[in-house]
Amino acid sequence: MNSDLVDDIIRRALQEDAPWGDLTSETFLPAGVTATASLVAREPGILSGIEVFARVFQLMDLSTSIDVLSKDGAVIGPGMTLARVHGDARAVLRAERVALNLTQRMTGIATLTARYVAAVAGTKARIVDTRKTTPGLRMLERQAVRDGGGHNHRYSLSDAVLAKDNHLAVLSAAGIPLGDAIRAARARIGHTVHLEVEVDRLDQIDDVISAGVDTIMLDNFTPDELETGVAAVAGRALVEASGGVNLDTVAAIARSGVDIISVGALTHSARALDLGLDIGLDIGQGVGADLDVGLA
């Protein structure tokens, strides 16, 4: 990930959460109190965002020390300690919510992705994400997909040509044949630019393939229709399946022989995994009481 962009995401999140400081900690906690906090898993999953977690505390207070005990992509279980943080108590508590929000979100995505990847094991299909991401968090969410064993589709509209149903509707309304549009697009783009076109009927495949695409997306096809489509493409392009993909259907879709299965649910429907931050305070030279800080 681009470290400058990650830092920008974190700084904006910290500013959003405490625009004029942490009124509670500044009111309740005396200056000079230090805290040691442990990031603990409350349920099983696949960890993602542990470096992001650490960076939140560093950006809040450079004197904070972080000991990372696990790594992104690791299998985690209830009770596992994933990282420890030590520093000024006010700084630790001010950073807590942002650190947990980002790491829980990323870990939830990685965990869901791993379930999809496991469901298609033994086939050639790749599980990939889509642009259905949380605005501003795409970079982190794509990393989480990779940590879960999945792959990334195009990052943005600027990265590849992908003509979908609404593009084709405009062409149809303008009376422009799809094959002619594809050939014209191919002539305009650079030789390194990937060209993909979505179709929703089997009878569209030959025209699209003959016009010269790199990937053909078969949208909302049944597994039987996908198998027929893969045979029609006959290796002349990559075949992507999209639409109607969930954990109940993905295995049958993969067995159809497609190369790629795009799953919007990886990022738009993943549940944040339950991670907690257990904090102990050291006041002066004494030993502070352990606190299990809530997630409100």
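This is a predicted model: local features need pLDDT of at least 70, side-chain atom pairs count only at pLDDT 80 or more; totals for chains, interfaces and linings use all residues.
Colleague: What does the whole protein look like in numbers?
Modeller: The protein has 11 helices and 13 strands. Its C-alpha atoms fill a box of roughly 75 × 35 × 30 Å along the principal axes. Of its 296 residues, 48% count as buried.

Colleague: How many of the contacts in the protein with a separation of 6 or more join residues 24 or more positions apart?
Modeller: Those residues account for 69% of such contacts.

Colleague: Why is T133 called buried?
Modeller: Buried means under 20% relative accessible area. T133 has 15% relative accessibility, so T133 counts as buried. T133 sits in the loop between β6 (126–128) and α5.

Colleague: What makes the link between the side chains of T133 and R138 a polar contact?
Modeller: The cut-off for such a pair of N or O atoms is 3.5 Å. The side chains of T133 and R138 make their polar contact at 2.9 Å, so the pair is within that cut-off. Leaving out residues up to four places away in sequence, T133 touches R138, E141 and T267.

Colleague: Why is T64 called buried?
Modeller: T64 has a relative accessible area of 7%, so T64 is buried. T64 lies in the loop between α3 and β3 (65–68). With residues up to four places away in sequence set aside, T64 touches F57, V85, H86 and G87.

Colleague: How do you know that the span of α1 is close to what is expected?
Modeller: Helix α1 covers residues 3–17, which is 15 residues. From its first C-alpha to its last, α1 reaches 21 Å. The expected value at 1.5 Å a residue is 21 Å. The span of α1 is therefore close to the expected one.

Colleague: Which residues of α1 are buried, and how do you know that they line one face?
Modeller: The buried residues of α1 are V6, D7, I9, I10, A13 and L14. Seen down the axis of α1, they fall within an arc of 160°, so they line one face of the helix. On the other side of α1, D4 and E16 are exposed.

Colleague: What covers the buried residues of α1?
Modeller: The cover includes α3 (50–60), α4 (89–119) and α5 (138–147).

Colleague: What reaches the backbone nitrogen of D4 at the start of α1?
Modeller: A side-chain oxygen of N2 comes to within 3.0 Å of that nitrogen.

Colleague: What makes β8 mostly covered?
Modeller: Strand β8 runs over residues 195–199, and five of its five residues are buried. L195, V197 and V199 point one way from β8. E196 and E198 point the other way, and they are buried too. In a regular strand the side chains alternate between the two faces of the sheet.

Colleague: How do you know that β8 pairs with β7 and with β9?
Modeller: A pair of strands needs at least two bridges. Strand β7 (residues 161–163) and β8 have three bridges, so they count as paired, in the parallel sense. One of the partners is A163, bridged to V197 in β8. Strand β9 (residues 215–219) and β8 have four bridges, so they are also paired, again in the parallel sense. There, E198 stands opposite M217 in β9.

Terms used: Residues are numbered from 1 along each chain as its sequence is written. Side-chain values use heavy atoms; hydrogens and water are left out. Helices (H or I, at least four residues) and strands (E, at least two) are DSSP runs, numbered from the N terminus. Buried means under 20% relative accessible area, exposed over 50%, partly exposed in between (1.4 Å probe, protein chains only). The arc is that of the directions from the helix axis to the C-beta atoms. Contact means heavy atoms within 4.5 Å. A polar contact is a pair of N or O atoms within 3.5 Å; within protein, one must be able to donate a hydrogen and the other to accept it, and residues adjacent in sequence count only if both atoms are side-chain atoms.
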